[in-house]
Amino acid sequence: MPFRFPVKFDLPQHVHINARVIRDQFKRLQYNEHEVTRNALRYIARNTELPARARLEAQLQLASMPKYTSYSQIRDRCVASGNSKSVIPDFKLNRTTFRERARHGLIPGVKVASW
Amino acid sequence: MLGRLSGSALCVRGIRTFSSSVAVLSGGQRKFQTPQEFVQLKATEAAQDQQFKEHLLHEAANTEYKPKTIRGNDINPVSKRPVPLNVELLQYEPIQLPKTHGHKVAVLKFRGYDKSELSRAGEFALRSAFFLGIPTLKLANAKTEKRLYTVIKSPFAQAKLKQNFHRVTYNRYVVAYDANPEIVDLWLSYINKHAIEGINYSAELYTQEGLDYATQLENLALTDMALPEAYADLDDPIASKVEELLQSQTFSKLLEKE
């Protein structure tokens with residue numbers, strides 16, 4: 001069964017678009033929406049001063065939340081190509097797109113190094 | 001009639017000195033013994049103003065355009081005008097005022113990828129400091145940062161050949177001394193207003209406290225200090241959510257039973 005988006009959402013702007021980028025965008029939006037709830041439940045689940053049954057209940061609720069609301073599902077993607085492998089976080093670019101742009105002098109301050 | 005500006009904060013007397021207390025602290029207005037004195041003063045001021053206006057209208061309008069220049073009046077063939085003094089002065093190093101007390105007041109830092117832009121920004125700061133009467137040191141170099149990026153040269157994943165790139169970030173700073181906090185604020189806001197794009201400005205400000213600062217802190221009443229109370233901060237969305245959850249039906253049942 002392919003992944004179906006349970007809600008409608010805006011596509012990301014100024015970014016290379018493909019299916020995986022859209023899926024990642026969806027996860028980012030969902031994480032943003034549920035961040036407070038997740039952290040509150042985690043706080044209750046890990047607070048040793050609270051009764052064990054309340055903590056267990058919080059843990060169960062946390063586990064029953066959909067996977068796409070979890071931060072660990074978000075992956076950095078290249079802004080220019082949508083690739084997720086060897087993305088350089090300083091520029092949000094994949095190594096090949098980074099190299100092309102750097103060679104053309106499009107990234108401020110970046111030059112070919114030789115020493 | 002150029003003496004009209006003599007009441008301003010800057011005064012030229014051998015070395016340029018500066019005090020911002022002139023207008024701020026001495027109350028500004030002088031007191032008059034009789035109303036006649038005040039009337040007389042107003043009359044002389046009005047006469048001076050009238051004289052100045054006439055000067056502008058007749059004498060100053062008829063005078064030739066003769067700007068002072070350092071290199072002589074070389075006329076630019078394109079613009080058919082000599083280079084004005086203020087433009088020409090940009091080619092010389094900025095002048096610093098001497099320290100009066102040596103109390104460090106601010107350190108202004110510049111970060112950027114372009115050396116020439118950095119020196120432009122730094123010299124602008126130094127010049128504006130000079131005309132505001134803030135003693136400074138020269139524009140100094142701080143450590144240059146190089147961030148290295150090594151990438152595989154070909155798009156193929158298993159390729160061995162790599163290429164190195166680096167991003168060089170240059171750092172410069174200006175140290176300012178002996179200025180009042182208001183003047184430092186004025187200086188910084190002026191620099192901020194005319195900030196150059198692509199340069200990161202940051203400032204460290206220093207204040208002086210008395211030797212009894214520690215005892216002053218100790219003597220503070222309990223009402224003067226408000227320590228953040230744990231879990232009572234309802235501005236925190238997570239804290240309010242925790243409260244909401246614990247008061248909900250499912251959790252309140254579990255909490256009661258214990």
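Mentor: A residue counts as buried if 20 or more other C-beta atoms lie within 10 Å of its own. The model here is predicted.

Trainee: What percentage of the residues of chain B count as buried?
Mentor: Chain B has eight helices and six strands. From the N terminus, these elements run β-β-α-α-α-β-α-β-β-α-β-α-α-α. Of its 258 residues, the share that count as buried is 12%.

Trainee: Among contacts in chain B between residues at least 6 apart in sequence, what share join residues at least 24 apart?
Mentor: A contact here requires C-beta atoms within 7 Å. Of the contacts in chain B between residues at least 6 apart, those joining residues at least 24 apart make up 67%.

Trainee: How many Å apart are the end C-alpha atoms of helix H4 of chain B?
Mentor: H4(B) covers residues 115–132, which is 18 residues. At 1.5 Å a residue, the helix should span 26 Å. The model agrees with that expectation, because the end C-alpha atoms are apart by 26 Å.

Trainee: Within what arc do the buried residues of H4(B) fall, seen down its axis?
Mentor: The buried residues in H4(B) are B:Leu118, B:Ala121, B:Gly122, B:Ala125, B:Leu126 and B:Ala129. An α-helix has 3.6 residues a turn, so residues three or four places apart point the same way. The buried residues of H4(B) line one face of the helix, so seen down the axis they fall within an arc of 135 degrees.

Trainee: Which elements of chain B do the buried residues of H4(B) pack against?
Mentor: The partners include both strands and a helix. They are strand E3 (104–112), strand E5 (162–177), helix H5 (181–193) and strand E6 (199–205).

Trainee: At roughly what angle do the axes of H4(B) and H5(B) cross?
Mentor: B:Ala125, B:Ser128, B:Ala129 and B:Leu132 in H4(B) meet B:Ile183, B:Leu186, B:Trp187, B:Tyr190 and B:Ile191 in H5(B). By class, this contact has eight nonpolar, one polar and no charged residues. H4(B) passes H5(B) in a right-handed crossing. The two axes come within 10 Å and cross at roughly 145 degrees.

Trainee: Which residue just after H4(B) takes a positive phi?
Mentor: The phi in question is about 80 degrees. The residue that takes it, just after H4(B), is B:Gly133.

Trainee: Which element gives the largest share of the side of chain A that touches chain B?
Mentor: The contact takes 22 residues from chain A and 24 residues from chain B. On chain A, the elements giving two or more residues are helix H1 (19–46), helix H2 (52–64), helix H3 (95–103) and strand E3 (110–112). By class, that side has 13 nonpolar, four polar and five charged residues. Its largest share, six residues, comes from H1(A).

Key: Residues are numbered from 1 along each chain as its sequence is written. Chains are lettered from A and ligands numbered from 1 in the order in which they are written. This is a predicted model: local features need pLDDT of at least 70, side-chain atom pairs count only at pLDDT 80 or more; totals for chains, interfaces and linings use all residues. Helices (H or I, at least four residues) and strands (E, at least two) are DSSP runs, numbered from the N terminus. The expected span of a helix is 1.5 Å times one less than its number of residues. The arc is that of the directions from the helix axis to the C-beta atoms. Two residues are in contact if their C-beta atoms, placed from the backbone, lie within 7 Å. Axes are lines fitted to C-alpha atoms, for helices over the stretch in contact, and angles run from 0 to 180 degrees between N-to-C directions. A crossing is left-handed if the near helix is turned anticlockwise from the far one by less than a right angle, and right-handed if clockwise. Ala, Val, Leu, Ile, Met, Phe, Trp, Tyr, Cys and Pro count as nonpolar, Asp, Glu, Lys and Arg as charged, and the others, Gly among them, as polar.
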